[in-house]
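Open the model in your viewer and keep the selection tool at hand. The stops below go chain by chain, with a note on what to select at each.

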4 protein chains.
Amino acid sequence: MKKGVSFEIESLGDTVIPNTASTASYFKFHSDSERVLYHHLLSKFQGEVDEQGLPAGFEVAGPRENIFFQGEKCRAAILTCGGLCPGLNAVIRGIVLQLWYFYHCKQIFGVRYGYNGLRNDSEEIVKLNPDWVRDIHSVGGTMLGTSRGAPPVDEMVNKLEALKVDMLFIIGGDGSMRGGHAIWQEVRRRGLQLAVIGVPKTIDNDIPYVHRSFGYETAVKEAAKVVNAAHVESRGAPYGIGLVKLMGRYSGYITANAVLASGNADFCLIPESPFELEGDNGLFALVKERLRRRRQVVIVVAEGAGQQFFRREELIKDASGNTKPGDIGAYLRDRLNTHFLDVGFPVTLKYIDPSYIIRSTPPNFSDKIYCDHLARAAAHAAMAGKGGMLIGNWHGHLTHVPMSALEGEVRQVDLQSDFWFSVLENTRQPYIIGPSVCVAD
Amino acid sequence: MKKGVSFEIESLGDTVIPNTASTASYFKFHSDSERVLYHHLLSKFQGEVDEQGLPAGFEVAGPRENIFFQGEKCRAAILTCGGLCPGLNAVIRGIVLQLWYFYHCKQIFGVRYGYNGLRNDSEEIVKLNPDWVRDIHSVGGTMLGTSRGAPPVDEMVNKLEALKVDMLFIIGGDGSMRGGHAIWQEVRRRGLQLAVIGVPKTIDNDIPYVHRSFGYETAVKEAAKVVNAAHVESRGAPYGIGLVKLMGRYSGYITANAVLASGNADFCLIPESPFELEGDNGLFALVKERLRRRRQVVIVVAEGAGQQFFRREELIKDASGNTKPGDIGAYLRDRLNTHFLDVGFPVTLKYIDPSYIIRSTPPNFSDKIYCDHLARAAAHAAMAGKGGMLIGNWHGHLTHVPMSALEGEVRQVDLQSDFWFSVLENTRQPYIIGPSVCVAD
Amino acid sequence: MKKGVSFEIESLGDTVIPNTASTASYFKFHSDSERVLYHHLLSKFQGEVDEQGLPAGFEVAGPRENIFFQGEKCRAAILTCGGLCPGLNAVIRGIVLQLWYFYHCKQIFGVRYGYNGLRNDSEEIVKLNPDWVRDIHSVGGTMLGTSRGAPPVDEMVNKLEALKVDMLFIIGGDGSMRGGHAIWQEVRRRGLQLAVIGVPKTIDNDIPYVHRSFGYETAVKEAAKVVNAAHVESRGAPYGIGLVKLMGRYSGYITANAVLASGNADFCLIPESPFELEGDNGLFALVKERLRRRRQVVIVVAEGAGQQFFRREELIKDASGNTKPGDIGAYLRDRLNTHFLDVGFPVTLKYIDPSYIIRSTPPNFSDKIYCDHLARAAAHAAMAGKGGMLIGNWHGHLTHVPMSALEGEVRQVDLQSDFWFSVLENTRQPYIIGPSVCVAD
Amino acid sequence: MKKGVSFEIESLGDTVIPNTASTASYFKFHSDSERVLYHHLLSKFQGEVDEQGLPAGFEVAGPRENIFFQGEKCRAAILTCGGLCPGLNAVIRGIVLQLWYFYHCKQIFGVRYGYNGLRNDSEEIVKLNPDWVRDIHSVGGTMLGTSRGAPPVDEMVNKLEALKVDMLFIIGGDGSMRGGHAIWQEVRRRGLQLAVIGVPKTIDNDIPYVHRSFGYETAVKEAAKVVNAAHVESRGAPYGIGLVKLMGRYSGYITANAVLASGNADFCLIPESPFELEGDNGLFALVKERLRRRRQVVIVVAEGAGQQFFRREELIKDASGNTKPGDIGAYLRDRLNTHFLDVGFPVTLKYIDPSYIIRSTPPNFSDKIYCDHLARAAAHAAMAGKGGMLIGNWHGHLTHVPMSALEGEVRQVDLQSDFWFSVLENTRQPYIIGPSVCVAD
C-alpha cells in the first residue's frame, strides 16, 4: 500500500430513498461502515491503523438499504475502453439486467467505441435492454465496441450532460480509470448529479487492490493451450525451440500462471525478473544445456520482459498514451536463431504470438459468474450515488476502491513468494538468469 | 465459527533441521506465528479476540525455515478416499513432485483404493516417482483408486508402522478427515513420528474453513453444460420441462453456481432452502405459470434438497457411513409427471442425472494450478512435522486447519447473501416456494 | 439394395423457369440425368444394370438450370420431427438462407412442434427470415420445437393448403419420412403444386442410402467422452465396472464409433451381434476374467442390443408408434450386480445413461458445414418441383432418394467388415459372446 | 485424372502365406481384383474404360487372405516427415497396434526426425511397442519427431538394409511420397524384399486421389475458431478489419471450409481464384463498401493466394525443396493499412497468423478414428508385400494408390462447384474480385 493513499469513497450526497427492490424484505443489505481489512495477516495487521485507530480497509460492495437515485427515473450509460478481454459483454449484460429488473431503471444507453463515443459529434449511442443483452455473455469481445484514446474531459462531460444520464459505467483498464477519475472531478466541479463507476478490466491481472480481474482465468486457460502448442512443435523438430509471447506489460501473472497450468515450459520470463542472454548462466547457455539434455525447450515470455534490450527512444506510444513495450518476442526469436547459427548448433525455432486469439475468447463459466457479480456490485454503487470509484476484489470480497488509489501503482508478481517459487520448481529454471552462475550460500 | 473451536495446530515436535531446499537463499519462508484473520470484516473483527487479545486466525501454509524431517531419509504415503472429484491426480502429482525435487524425499508410496488399502492383508501399495505422475494431472479420476469405508484405526496404524512411513497424506472428504483425525490421535497415543496431513476434497464445496475446494470450478463448468442441455431439451418439446439433479448433499453451492453460469434455469432448489410442491405458491403452480408464459421450464435440484419428502427410516447409508439422501431427482420427475397428467396439462419432461459424468472430468486449467498449490502446501506441512490438520483456504490464503475443527460443521449457502440473491434474480424464482404467496411488507 | 426398389424421383412437372440466381453465369448446374452409381466397386457393378442397360444410381443433388417455381412468389414451410439431434437448427438456417438469398423466396414459415403443428387448430406457425436464423446454427436442439406422432394426413394437407405453401421441408427420422411420403401421395392425389422434401435425421446413422447423417459425428464425439468418463470411474474403484448405454435401436454405428474414438472400452454390444450372459464364453465370464487381469472393465451397449432378454409383450410404443426397446442398460446393470454378488466377487458398478446430454449438444464445425450443404440441396430440389424425396449421401455425393425407398430397410453394421473388426481389435472382445468358447477352424 | 496415369499397384511377389489372424475365420477378406471405380457419376463413367474394357479404378485396401510376410519374423520401420498435422501420433499408434496384435510382428522401429533419421550416422532409432504408443493418439504433433529434407536415396536404403527391415511406413506429404517412390525404385533395383507404404499427410487436403486426408477436419475446426476470433476483434473496433492467414499453398480447402464453418467471414481468398486490390471491384473498394455498411470486415486468405503480387526471384525454398509462397498475409496487412491511411478512412486492422497453433492441435474424435483406419490399411498392404503405394480415399473407401500417380498433380477447389458457390453465398463476395465489376449476362 502506497503512503498516504486513501480508501474513502466519495458520493453525490445523502441516500434517502429506500431501496424497494422486490426481494428487499429478505435481504441483508450492506452498510458503508462495513469494511474489508486491508491486512488480513495477523503479523501485518497489528501496526497499521487509521486515524480512528481502526485498521484500514475497503468499503464492502453490495446493495444499500437507502439509495440516492430513484430507479424508475434513472438514465444510465455504459462504455468499454481499451483492448479486448474475455467477459466484457458479460459485464455489460449484468449491469443492464440489474438496473432493469432490480431497480426498474429502463433508460440505459450504450456508448459505442469507448470514450471516443462521447465526442461532441458522435452518434454512437445505442439503447440497451434485456433483449439486446440476453445472450451476449457467451460471446467474446464487446458488442459496444472499444477504442483507445479519448476526447478532452470537458467535451465528454458536455456530452453526458446532453444525454441527461445519472450514472456512467466505465469498463476499462488503468488508463480508462484515470479518465474516469478526471470525469468524476469535472462532474464534482460542475455540481452535477452523475455517478461515475468503474469496472476494472486488465487481462494482465495487474491492477492494484483487485486480486482477481475478470477474464483473467479465461486468458490463462487459452494461454496455457498455446504453451502446449509450442511444446508439441518443439518436440516435433530436431533441437526444437518453442517460443511464446504472452500479454503482460508490467506484470507476469498471466505468463506465470500459463506456465503452471501447462506444466510444459522450461523458461518463464517476466517483467519483474530481469534476465541476460550471454554468459555462463545466461539464457543462451541454459537453453543449449536443456537442448542437449532433452532435445527440446519451451520459452514463455511476457511482452514486458527484457525491456532493457530496447532503447527508450525507439519505443512508441499507443493511442491510449501508453508506451508500447519493445517486441521482446521477435527480439528473442532473432537473437536465439542468430546465436545458435553462430555457434554451429542447428535449432528449429517456432515462434507463436497469440495475442488476439486470447483476447477475443469468450469467458469461461467461472468468469461469466464473476462478471455478473462485478456488474451487480457496480449497479448497486451507482444507485447509491457513489462516484470516482471502481469495484475491487480483496480477500474474496467485492469492494469499493477510489479510482485515485490506482495512481502510479501496479500489481506485480512477488519474486520471493510461494507463487513464484512454484513457477521456478515447475520450469526448473534458476532464480537468476544472468551472466554467471549464482550460488546460494 | 463454532463456539470453542480451536485453530491451533499440533505437531510432532520441535523443528530443528534447516530447510536446505536449493532455492532457499532467495526464499521468503513462513513462520507459524503468521496468521490469516478469521474475520476480515472490520465490523465483525472487533469483538472477537483470543486469550492473548489477538484476533483468532489460521496458521499460514507454506515452507518453514526449519523442518522436522530430513528429506532424504523420509518415507511418505498418499491415499485418496470417497467419490471422484476433478483434480485428485493433480494433487497426487503435486505432492510427489514437491517431496521428490524440493525435499529429495524419494520413498513415496501410493496406497490404492483409499483406507481399504491399509487393511492388514492389503498388498495395494505402489511406489510413486516423477515419471509415474508426469502426465496424470490432465487425467480425470484417481490413478490410486478410491473406495468408501475403512478398516479399524488400529489396523491402519499397524500397517503404516509396518510401512515405516513418516508422513501420510489423505486426500478425501469430511468423513475421511474424521478418519485422519482418528489416525492422528492413535499416532499420538503410540508416540509415533508420523505426520498426518489432509487435503480436503469435496465436489460440493461444503467443507468449513475452506473457501474453495479443488475440482469445484471444473464441476460447476460441467454442471452448467448439463443445465444448458436441459434447457435445449425443454425448448425442443411442447411444454417441455428439463429437470437436472446435481451434487450437493448439504449445500447448494454447485447447483447455485451452475444455475448462474448457465443463465438458463427457472428454478434452483437447494438443501438450504426448503420448498413445497402444492399450494398457490408451490412448485407445481409456479412451474405451470412459467410453462403457460414461456412454454418451457428448467429446474435444477441439488441431491440434498427437499429431504422432508422422504422418511428417515427409508434412507440408506453408503459404505462411508453417510446417510444417502432420498432421490429427490426421481421423486420430482414422478411427482411432476403425475401432477400434470392429473390436471390435464400435458408436459414433456426430460430428466438428467449426470453425476458420474461430472465427477470423472479432468480438472480445468484453473483447478490444475490450484491442486498444485494445495499439494505443495501439504508437503511443506508434513515436512514441518505437523499432524491432524488439513490445508484450508481463507481469504485467498492457504492455511492450516485442525481436522478436529470440521466436526459437526458444514459450509452452506447463506440465504440472505448477495450470492443467493443473484441466483434468485437470475432464475426470477420467489424467495420462498411454499403453500401461499408470501408478500414482502 | 432391396429387390424392386426404384431410385426414380417424382416431380410436380416440367421445369421451365430459368434459374436466375445472381451467380448463375459462372455456375455448373446439375442435370437430372447425372447419376451417382449405386455400386462403385467394380466387382459388384458389372452384374447390375437397369432396364436401359445402365447401372442403377441416384440423381445428383444440386441447383438445376431450369426450375419449377418462381422464387419471389414462393411460400415455404419447414418442420422438425422426432428426438433431438445435433444440427437441426443448422439445417433450418441453411434452408432459410438459401431460399431467401439465392431464390428470393421470402415467405418462409416455421411449423412448431413437428407434424403436430399441422393440426387443424394449431397456431404454431412462425415467420422465418435471415435475422431469425442468423446465429441458431451454433445452438443445440431445434428452435422450431419437435414432437412425436402426427395428426391424420388429410388434416395436415388441409392445413398446408390453407397456408398456401408451395413447398414443405421435413427434417426428421425414418418415421417422419414415411409421414412425408403419405403427405406427398395425398398432394399428388389432390393435384396440388406442393413440393415435399425430406432431410433425413438419425442420430444413429441408420437410414439406408445415407452414408452420413447430420449430427452423427457430433454425437460420436460426445458419446466417446462418456465412454471415457466410464473408464475413469471404473479405474477409480476396486474391481470397477463402467457401463454406458448409448443410442442405437437397430444399428450399432454410434456405439461402435464411440468405442473406437475412446479406445478405452472392453466390450461393445450392438443390436447386430447377439450376446449371452451365461456360459464359459458369456459376458459374465469374460467380464470376470478382465477384472481379474486388469481390475477394471468398461462395457458400452447400444439401446437396441440384447433385446432377446425382453419379452415382446412387455415393450411399449412411443408416440411416433415405434416400439421402444427394453432398457438393456438397466437390465445389464442389475444382472451384473446380482451375478457378482452371488458369486462372492465384489465389484463397483457405475452406470451412465447420457442420452439427452448427447442429443442436445450443438453441432461441431464439421456437422455445421454438412448441415449447410444438405439444406442447400433440399432448397434446390424443392425449387425444381420435386417431391416425395429426401437428400441422401452416396459415395461422397449428395443425392435425391425417393422416400419410398426407405420402406422396411435399415442401415446396419456389417459384422464381417473391416469396420467391425477394427472394433473387435480395439476392445479385444471375441467375435461371439456366447455360451461356449467358439474356436475358429 | 491425368492422361496415362496408372492405378496398378506393384508388389514384392506372390502372396503364399495364409493370413492366420485369430479372427480370420469370421473375416471378409478383400482381393486385389476388387476395385473402387474412378468415376462414380454415370455421365462420366460411360466413356472411360481401361484396356480390358473395364472402368478404371483403385484397388480396395484391407486385409488379404494370403500375405507375403510371416508376421512373427517381420521387422518394420515407421517415420514421419514434413510439417506437423493433427493425427500423426494416431497413425503411428494404429500401425504399431495392428502389426503387433493382428500380425504378431514385434520388431517395430521408430525412425526419429523423418528421412534425416535414415542418415548413415544417425542413431535416431527407437523401439516401438503397444505400451509406447498406448496414449499418444490424444497428443498433438509426432512423438517420432519430423524434419524437412532427406539424405540421398542410396544412403537411406543402405540404412534400411542395415536395419534389416521388411517394411517401411512413411507418413508424409507429397514431397515425402516422391521420396518414398525413389526409395521403392531403389529397393526394386537392388532386388530387396522391402515393402514401402505411404500414409499421405496434408493439412491442406490437396493430395490427388485422397478425398479426405487425416487431420484435415481438426484443422478446419481450429481454423474456424481463429476466423471467429478475427470476427470478434473486428467488431470490437471502429471500422475494424480482421485478417487471418491460413494454410494452403496450392489449394483453398482449409480456408474455404473454415469460412463455411465460421459463417463470419466477408472475403475468402484462395490460390484457385486470383484477385486484384485496385479498381472499382478490387479488394480495397469491396472492403470499404462493407466497412461503410457493416462497420467491420473479416478477410480470410490462404497462404498460397495472391502470389502474383510476388516476384518469383524473391521467393525462397524450404528444406524440403518446396518454394515457400510469398507472405500474402503480411502483404495484405501492409497494403490495406497503407491504402486506408492514404484515402483518409481510418481503420483498425488486426492480423492473425495461427499456423503452429493449428498444426499442433491433437486430432478430434473423428480424425482419431480415421487415422486408425488408415493405419490398419497401411499395415495390411505392407504384409501383402506391396510397395511404392499409399493409402488413398475414394468415394468413401480406403484404396491403394501408386505413389507415382501423384506426380505433378494437386487437388484444388473447383470454382464452378456447389462447394465454392456455397462459400460465395456465405461470404456474399463476388465471383471475381478484379479491376471492374463483372456483370453476368
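Which residues of H12(C) are buried? They are Asp418(C), Trp420(C), Phe421(C), Ser422(C), Val423(C), Asn426(C) and Thr427(C). A residue is buried if 20 or more other C-beta atoms lie within 10 Å of its own, exposed if 12 or fewer, and partly exposed in between, with C-beta atoms placed from the backbone.

Before going further, some notes on the model. This is a predicted model, in which local features need pLDDT of at least 70 and side-chain atom pairs count only at pLDDT 80 or more, while totals for chains, interfaces and linings use all residues. Residues are numbered from 1 along each chain as its sequence is written, and chains are lettered from A and ligands numbered from 1 in the order in which they are written. Helices (H or I, at least four residues) and strands (E, at least two) are DSSP runs, numbered from the N terminus.

**Stop 1: H12 of chain C**

Select residues 418–427 of chain C. This helix is mostly covered, with seven of its ten residues buried. Step just past the helix to Arg428(C), where phi is positive, at about 65°.

**Stop 2: Phe214 of chain C**

Stay in chain C and select Phe214(C), in the loop between E10 (195–200) and H6 (216–236). Why does Phe214(C) count as buried? Because 32 other C-beta atoms lie within 10 Å. Beyond its neighbours within four places in sequence, Phe214(C) is in contact (C-beta atoms, placed from the backbone, within 7 Å) with Gly87(C), Val91(C), Lys201(C), Asp367(C), Tyr370(C), Cys371(C) and Leu374(C). Asn116(C) is 98 residues from Phe214(C) along the chain, and their C-alpha atoms are separated by 23 Å.

**Stop 3: H7 and H12 of chain D**

Select residues 253–262 and 418–427 of chain D. The axes of H7(D) and H12(D) come within 10 Å and cross at roughly 50°. Axes are lines fitted to C-alpha atoms, for helices over the stretch in contact, and angles run from 0 to 180 degrees between N-to-C directions. The two helices are therefore oblique to each other; angles under 35 degrees count as roughly parallel, over 145 as roughly antiparallel, 65 to 115 as roughly perpendicular and the rest as oblique. Show side chains for Ala256(D), Val259(D) and Leu260(D) in H7(D), which meet Ser422(D), Val423(D), Asn426(D) and Thr427(D) in H12(D).

**Stop 4: H2 and H11 of chain B**

Select residues 88–102 and 365–383 of chain B. Here the axes of H2(B) and H11(B) come within 8 Å and cross at roughly 45°. That angle makes H2(B) oblique to H11(B). Residues of H2(B) in this contact include Ala90(B), Val91(B) and Gly94(B), and those of H11(B) include Lys368(B), Cys371(B) and Asp372(B).

**Stop 5: the whole of chain A**

Zoom out and colour chain A by secondary structure: there are twelve helices and 16 strands. The C-alpha trace of chain A spans about 75 × 50 × 40 Å along its principal axes. Of the 441 residues in chain A, 60% are buried.

**Stop 6: between chains**

Show chains A and C together: no contact joins them, and their closest C-alpha atoms lie 11 Å apart. For chains B and D, there is again no contact, and the closest C-alpha atoms lie 11 Å apart.

Conventions:
Two residues are in contact if their C-beta atoms, placed from the backbone, lie within 7 Å.
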